Amino acid sequence: MADLSPTDTSVLAVDGATLVPGTLGATVTAGQSLYLDSSTGTYKLCDANDTAAIASLAGIAMTGGVSGQPVTVLTAGQYNPGGA
């Protein structure tokens, strides 16, 4: 089976999902997993193979952008990854 390839413009939260605003600390595409960097208060890309802090999933990016830009993060509930 092939990997899921999300389409960032099609990533959508399902009704009832919890969305929170935040600020990016890295370049992110909608649909990517994020962790909250406690030292900067910004969201960065989560990596399950890294340190415990970086591997702690905080949510899924519902919007994309570059460092310093606002982001909407899904922290609970379901979403459509918009992929094929």
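Asp37 touches Thr42 and Lys44 when residues up to four places away in sequence are not counted. In this predicted model, Asp37 lies in strand β3 and has a relative accessible area of 11%. Because buried means under 20% relative accessible area, Asp37 falls in the buried class at that value. The side chain of Asp37 makes a polar contact with the side chain of Lys44, at 2.7 Å. That pair is also a salt bridge, with the closest N and O atoms of Lys44 and Asp37 being 2.7 Å apart. The count of salt bridges comes to 1.

Thr42 has a relative accessible area of 12%, so it is buried. Leaving aside neighbours within four places in sequence, Thr42 is in contact with Thr23, Leu24, Gly25, Tyr35, Leu36 and Asp37. The side chains of Thr42 and Thr40 are joined by a polar contact of 2.6 Å.

Thr40 belongs to the loop between β3, residues 33-37, and β4, residues 42-45. Its relative accessibility is 46%, and Thr40 therefore counts as partly exposed. From Thr40 to Ala76 the spacing is 36 residues in sequence and 22 Å in space, C-alpha to C-alpha.

Tyr43 has its place in strand β4. Its relative accessibility is 9%, so Tyr43 counts as buried. Its contacts, leaving aside neighbours within four places in sequence, are with Val20, Gly22, Thr23, Leu24, Gly25, Ala26, Leu34, Tyr35, Leu36, Ala58, Val71 and Val73. Leu24, one of these contacts, is 19 residues from Tyr43 along the chain, and the two C-alpha atoms are separated by 4.8 Å.

In soluble globular proteins, nonpolar side chains tend to be buried together. Here the largest nonpolar core has 7 residues, and Tyr43 is one of them; the others are Leu24, Val28, Leu34, Ala61, Val71 and Val73. Apart from this core lies another, of 6 residues, including Val11, Ala17, Ala30 and Ile60.

Val28 is also a member of the largest core. Leaving aside neighbours within four places in sequence, Val28 is in contact with Leu34, Leu45, Ala61, Thr63, Gly64 and Gly65. Leu34 and Ala61 are listed both among the contacts of Val28 and in the largest core.

**Residue accessibility**

Ala48 is found in the loop between β4 and α1, the latter spanning residues 52-55. With a relative accessibility of 69%, Ala48 counts as exposed. Ala48 and Ser33 are 15 residues apart along the chain, and their C-alpha atoms are separated by 9.8 Å.

| Residue | Relative accessibility | Class |
|---|---|---|
| Tyr43 | 9% | buried |
| Asp37 | 11% | buried |
| Thr42 | 12% | buried |
| Thr40 | 46% | partly exposed |
| Ala48 | 69% | exposed |

**The whole chain**

How many helices and strands does the protein chain have? There is 1 helix, along with 7 strands. Read from the N terminus, the order of elements is β-β-β-β-α-β-β-β.

Of the 84 residues, 25% count as buried. Among contacts with a separation of 6 or more, 59% come from residues 24 or more positions apart. The accessible surface of the protein chain comes to about 5000 Å², and carbon and sulfur atoms account for 53% of that surface.

The C-alpha atoms fill a box of roughly 35 × 30 × 20 Å along the principal axes. A compact globule with 84 residues would have a radius of gyration near 12 Å, and the protein chain has 12 Å, so its value agrees with that of a compact globule.

Notes: Residues numbered from 1 in each chain as written. Predicted model: local features only at pLDDT ≥ 70, side-chain atom pairs only at ≥ 80, totals over all residues. Heavy atoms only, no water. Salt bridge = Lys/Arg side-chain N within 4 Å of Asp/Glu carboxyl O. Buried < 20%, exposed > 50% of the residue type's maximum accessible area, 1.4 Å probe, protein only. Core = buried A, V, L, I, M, F, W, Y, C linked by side-chain atoms within 4.5 Å. Contact = heavy atoms within 4.5 Å. Helix = DSSP H or I, 4+ residues; strand = E, 2+ residues; numbered from the N terminus. Rg over C-alpha atoms; globule rule 2.2 N^0.38 Å. Areas by Shrake-Rupley, 256 points an atom, 1.4 Å probe, with all protein chains shown as cover. Polar contact = N/O pair within 3.5 Å; in protein donor to acceptor, adjacent residues only side chain to side chain.
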